[in-house]
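I opened the model today to look up a few packing and pairing details. My entries follow in the order I made them.

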Amino acid sequence: MRIAIIGAGLAGLTAAYEIHKLNKDAEVEVFEAADRIGGKLYTVPFASGPTDMGAEAYLAFRQDATDFFTELGLGEHLNAPSGLPSLLYAGGALHPMPAGTAMGIPGSSEGLEGLISKETLARIDAEADAEPIEWGEGDVSLGGLVRERYGDDVVDRVVSALQGGVYSASSDDLGIRATLPELARTLDAMKAEGEKLTLSGAVRRILDQRAARNAARAEKVPGYKPQVFAAFTGGYAELYEALAEQSGAAIHIDAFISGVSRAKGGYQLKGADGVFDKVLFATPAPTTAMLLKDILPAAVAPLKTIKLASSVVVGMKFDSGEGLPNNSGILVAIDEPGVHAKAFTFSSKKWPHLGARGGALVRASFGRFGDDAITRADEDDLVDYALDDLQAITGFDGRAAGLSEIYVQRWFGGLPVYGPQHLAAVSEIRSLLSDAQSVDVAGAWVDGVGVPAIIADARKAAARL
Ligand SMILES: Cc1cc2nc3c(=O)[nH]c(=O)nc-3n(C[C@H](O)[C@H](O)[C@H](O)COP(=O)(O)OP(=O)(O)OC[C@H]3O[C@@H](n4cnc5c(N)ncnc54)[C@H](O)[C@@H]3O)c2cc1C
């Protein structure tokens with residue numbers, strides 16, 4: 001059996017590995033348009049050591065991902081973060097990251113003093129007395145709901161800053177069911193129980209449930225402390241190289257596929273030789289729309305509703321980190337006057353294995369959905385914005401600290417936007433695929449943008465194929 005996989009990002013490489021594991025006789029060929037594998041996983045060789053310019057970590061409570069990395073022989077290469085807290089820059093000042101929130105959405109005004117206006121603090125605490133939320137089965141904008149219940153401050157200063165760090169989009173453009181299913185499930189449960197639907201009530205319920213889960217784990221494992229993230233010693237290159245090596249697949253780089261058509265006994269790829277029995281599309285949604293147009297034209301319209309958000313990462317290595325705050329990083333509120341960056345990761349503070357290299361490693365991130373201009377800014381300007389913003393926000397003078405290495409990575413269409421229409425579109429595409437024969441899809445737009453979600457989704461697609 002010949003199987004073609006289009007795209008050698010995390011989804012395509014995971015699927016290639018998994019297919020080989022399930023069927024050693026399958027002949028798998030992976031076609032990658034770029035001149036390297038990995039897609040949005042990209043580790044750059046800094047003189048001080050391998051440094052990630054795309055994803056840098058994964059959600060470590062996803063045990064399935066950790067087990068998968070262990071299966072690949074990478075279990076010993078996983079590192080825990082320092083646990084140093086992150087900060088939030090809003091209203092021209094640094095604040096501790098508010099504790100006791102669900103993705104930045106508070107259940108009460110406690111701990112938010114100074115970060116948002118007094119009127120908004122009072123509004124959060126009075127929200128339980130407002131008319132109940134109208135909650136249905138479809139999805140709605142997360143930013144829209146929080147604005148309606150708590151006001152603009154909470155979205156612009158807190159929630160969008162947190163969600164923007166994950167999705168490169170403001171909360172207004174993201175769906176609740178699509179990006180915060182825990183909140184959606186809680187509202188569903190409260191509705192089913194006939195409880196009055198309020199945002200503060202739902203968030204408090206989520207926080208109580210999380211506390212109970214952590215307490216139960218701590219009872220089983222004394223000293224248990226939830227570890228949220230983990231990262232590879234040598235960056236994500238360890239993962240994409242291991243997957244490629246162990247996949248047994250023929251991987252073609254510089255191999256752009258421009259179309260797929262049915263052929264006698266299977267499928268033909270424009271840009272590849274021969275006929276394939278099965279094809280996996282592990283490409284971003286707009287490309288998948290273009291590639292499916294001949295064999296599954298009905299999938300084109302729903303695929304085109306999935307938009308992409310662009311961003312830029314500027315990686316900077318300083319000889320000295322003196323004066324850099326002792327924190328893991330800083331998230332910047334939307335539209336802070338004079339600030340271009342949306343976030344800083346103090347990688348050498350966040351990750352002890354990177355701190356051990358000496359000096360300081362900082363990643364500045366720019367760009368949100370709907371504001372792509374910054375992604376096209378001049379490279380020198382981007383470095384200046386990164387250094388100027390860092391100095392204005394923290395006082396750390398990067399130029400004086402000895403900027404020994406810089407890498408600017410633009411991610412055009414780096415992340416799919418999980419808008420309120422997203423789940424309906426994916427479910428429509430899925431049902432069309434279940435009728436189609438021997439073709440499947442995988443990738444960041446299908447079942448979550450994070451590394452563990454993509455691995456789980458790609459492994460399922462491999463098993464189906
Ligand atoms: C800046 C940034 C930071 C991130 N940080 C994290 C993080 O810390 N933790 C986390 O869990 N996730 C993070 N993510 C998300 C995660 O990295 C991505 O969602 C994931 O890597 C996407 O994998 P994929 O295989 O779905 O897609 P891609 O990586 O986009 O792979 C698709 C591949 O298909 C190729 N391709 C496209 N068209 C064609 C064609 N016509 N023919 C052949 N090949 C084609 C592309 O070149 C690409 O290599 C981050 C993403 C970005 C952009």
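I looked up the contacts of Asp457 (heavy atoms within 4.5 Å). Leaving aside neighbours within four places in sequence, I found Asp457 in contact with Arg430, Ala442, Gly443, Val446 and Asp447. Asp457 lies in helix α17, residues 451-464. Its relative accessible area is 4%, so Asp457 counts as buried (under 20% relative accessible area, 1.4 Å probe, protein chains only).

A note on the source: this is a predicted model, in which local features need pLDDT of at least 70 and side-chain atom pairs count only at pLDDT 80 or more, while totals for chains, interfaces and linings use all residues. Residues are numbered from 1 along each chain as its sequence is written, and side-chain values use heavy atoms, with hydrogens and water left out.

Next I took strand β2, residues 27-31. Helices (H or I, at least four residues) and strands (E, at least two) are DSSP runs, numbered from the N terminus. Four of the five residues of β2 are buried, so the strand is largely enclosed by the rest of the structure.

I then checked its pairing (at least two DSSP bridges between two strands). β2 pairs with β1, residues 2-6, in the parallel sense over five bridges. Val28 in β2 stands opposite Ile3. From β1 the chain crosses through helix α1 (residues 10-22) to β2, and this β-α-β crossover is right-handed (clockwise from the first strand over the helix to the second, with the strands pointing away from the viewer). β2 also runs parallel to β12, residues 250-252, joined by three bridges. Ile251 in β12 is the bridge partner of Val30.

Last, α1: 10 of its 13 residues are buried, so this helix is largely enclosed by the rest of the structure.

Definitions and conventions
Buried < 20%, exposed > 50% of the residue type's maximum accessible area, 1.4 Å probe, protein only.
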